[in-house]
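Hi there,

Here's the structure I promised to hand over. Have a look at it first, then read my notes below.

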Amino acid sequence: MKNNLIVKKSNSGFGLYSLAALKKGDLVIEYVGEKITEAEANRRGGKYLFELNHSWSIDGKSRDNLARYLNHSCKPNCYPEIDDDEEHIYIYAKKNIELGEELTYHYGKMYFDELIKKSGCRCQACQKEKSG
Ligand SMILES: [Zn+2]
């Protein structure tokens, strides 16, 4: 599934783009990284931490983790889901996605309030609102 994805420059640094059309519900990519405890996550910090549950997080900062290139959007075309074992994070298509579209998901309210809100959200949906 990684073969159908490409990292490219976007208006907010880099973004992940699909080289194939995707159907709603398709598995796009797994968010991979080192599994660390909550205490370790708090110690490390960083914007690529993804919480599995209250005790564990995935630190997805490695460049091998292509999913780290998915940008936040307030109107995303993907969504993350943690599997039942709370071991893996999968990103699924939220709707049908066309070839060449940038892939995005909503980073969650906490992340948004803490890290995005202050400097203003630069996602496509918010850009449109500003210019419109
Ligand atoms: Zn936004």
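Along the chain, the donors of the zinc ion follow the spacing C-x46-C-x1-C-x2-C. Cys74 sits in the loop between strand S7 (71–72) and strand S8 (78–82), and Cys126 in helix H3 (residues 124–131), so this pair ties together parts that are 52 residues apart in sequence. (Helices, H or I with at least four residues, and strands, E with at least two, are DSSP runs numbered from the N terminus.)

Keep in mind that this is a predicted model: local features need pLDDT of at least 70, side-chain atom pairs count only at pLDDT 80 or more, and totals for chains, interfaces and linings use all residues. Residues are numbered from 1 along each chain as its sequence is written, and side-chain values use heavy atoms, with hydrogens and water left out.

Which protein atoms are the donors of the zinc ion? They're the SG atoms of Cys74, Cys121, Cys123 and Cys126, lying 2.3 to 2.4 Å from the ion. Donors here are N, O and S atoms within 2.8 Å of the metal (3.2 Å for Na, K and Ca); water isn't among the atoms, so sites may look incomplete. The 4 donor atoms subtend angles of 106 to 113 degrees, which makes the arrangement tetrahedral (four donors, all angles between 85 and 135 degrees).

Cys74 is partly exposed, at 30% relative accessible area, while Cys126 is buried, at 17%. Buried means under 20%, exposed over 50%, partly exposed in between (1.4 Å probe, protein chains only).

Cheers

Methods: Tetrahedral: all angles 85-135°; square planar, octahedral: opposite > 155°, others 65-115°.
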